[in-house]
Amino acid sequence: MKTKQKIGLIGGGNMGAAILAGIVKDYTVTVCESDRKRAAVLKRRFRVSIGSLAEVVKNSRILIVAVKPQNFDAILIQLKLLCRKEHVIISIAAGITSRYMEKRLGANARIIRTMPNLPAQVGQGMTAVCKGGGATVADVKTTCRIFNCVGATVAVDEKWMDAVTAVSGSGPAYVFHFVEMFTNAARALGLDEKLSRDLVAQTLRGSLDLLEQSKEDAGTLRQRVTSKGGTTQAALEVFQKNKADKIFKEALGSAKRRARELAK
Ligand SMILES: NC(=O)c1ccc[n+]([C@@H]2O[C@H](COP(=O)([O-])OP(=O)(O)OC[C@H]3O[C@@H](n4cnc5c(N)ncnc54)[C@H](OP(=O)(O)O)[C@@H]3O)[C@@H](O)[C@H]2O)c1
């Protein structure tokens, strides 16, 4: 039997636990978590070992750092002392560039920066992965294999990370907002809360499945369900008149600018 690769997870909060749930079947994971109650819960739920940062670094060649950006510097200071060239350090912290990490860990440190998103909690995340200067293409592949356990992955150049943050990082919130607006509009037609929610949820789910299974793109499918002078056209004309397209572009542009401002 092939031995499982070892991973050290530093920080087992919302995102850390979501990643842990996805990878624990295929990897041997040791977790370093400062909240002792939380560590005990993770140990029981996922049957993983809990260790200090030094133990985790000693046990595992691959490290996933999943603490909040404000706790990140403290971890980097310790990792600088503990890590050797064999370690691959995968960060999921939003807005912390590989340059920032390299300044603290050394230019040769094998750093991979990622941007996962919230649906990782249900195994349907989208994680963008980019390579720091000291990391190898094999390190990127290793990272993609790990994050494929919680959804899909894509390798991108780091210059795209602010745009990726605006699209898939913040994206789940746009979808939730769309669902809220869609459901409120259904309610405004007189439908009750549950029926509105059910109609909207299954319409979204079914349309996305159709889009995925179809050979046609979204624009073609839209045209196919829009007959001239019909109900769908009446609704779509309102979206066009109110420039929904422009609103969407402005919103994503604003998120990207904010990602750039917050990056360090
Ligand atoms: N949530 C998302 O949708 C999302 C999406 C993309 C990226 N991210 C990134 O994911 C990272 C984690 O976010 P989160 O929402 O999962 O945060 P979180 O729930 O606060 O999880 C972080 C965990 O790490 C622990 N921790 C802090 N310092 C530590 C240390 N020195 N050693 C060991 N454990 C330590 C925290 O314990 P204490 O509570 O005791 O401090 C907490 O349990 C962030 O950098 C964020 O930018 C999040």
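**The ligand pocket**

In this predicted model, α4 makes up the largest share of the lining of the second largest pocket, with 5 residues. Along with α4, both α1 and α7 (161-169) supply at least two residues each to that lining. In total, 30 residues line the second largest pocket, and those nearest its centre are Met15, Ala66, Val67, Lys68 and Ile92. Sorted by class, the lining comes out as 15 nonpolar, 12 polar and 3 charged residues. The space inside the second largest pocket is about 760 Å³.

So much for the pocket; now for what sits in it. The ligand takes up the space of the second largest pocket. The ligand has 21 residues around it, and Asn14, Met15, Glu33, Val67 and Ala94 come nearest. By class, this shell splits into 12 nonpolar, 5 polar and 4 charged residues.

A backbone N or O atom of Met15 is 2.7 Å from a ligand oxygen. For Ala94, a polar backbone atom lies 2.9 Å from an oxygen atom of the ligand, and for Asn14 the corresponding distance, again from a polar backbone atom to a ligand oxygen, is 3.0 Å.

Notes: Residues are numbered from 1 along each chain as its sequence is written. This is a predicted model: local features need pLDDT of at least 70, side-chain atom pairs count only at pLDDT 80 or more; totals for chains, interfaces and linings use all residues. Side-chain values use heavy atoms; hydrogens and water are left out. A residue is near a molecule or strand if one of its heavy atoms lies within 4 Å of it. A polar contact is a pair of N or O atoms within 3.5 Å; within protein, one must be able to donate a hydrogen and the other to accept it, and residues adjacent in sequence count only if both atoms are side-chain atoms. On a 1 Å grid over the protein atoms alone, a cavity is a set of points where a 1.4 Å probe fits but cannot get out, and a pocket is an open set with protein on both sides within 12 Å along at least five of seven lines; lining residues have an atom within 4 Å of a point. A molecule sits in a cavity or pocket if more than half of its atoms lie within 2 Å of its grid points. Ala, Val, Leu, Ile, Met, Phe, Trp, Tyr, Cys and Pro count as nonpolar, Asp, Glu, Lys and Arg as charged, and the others, Gly among them, as polar. Grid points are joined across faces, edges and corners, and a volume is the space filled by probe spheres set on the points. Helices (H or I, at least four residues) and strands (E, at least two) are DSSP runs, numbered from the N terminus.
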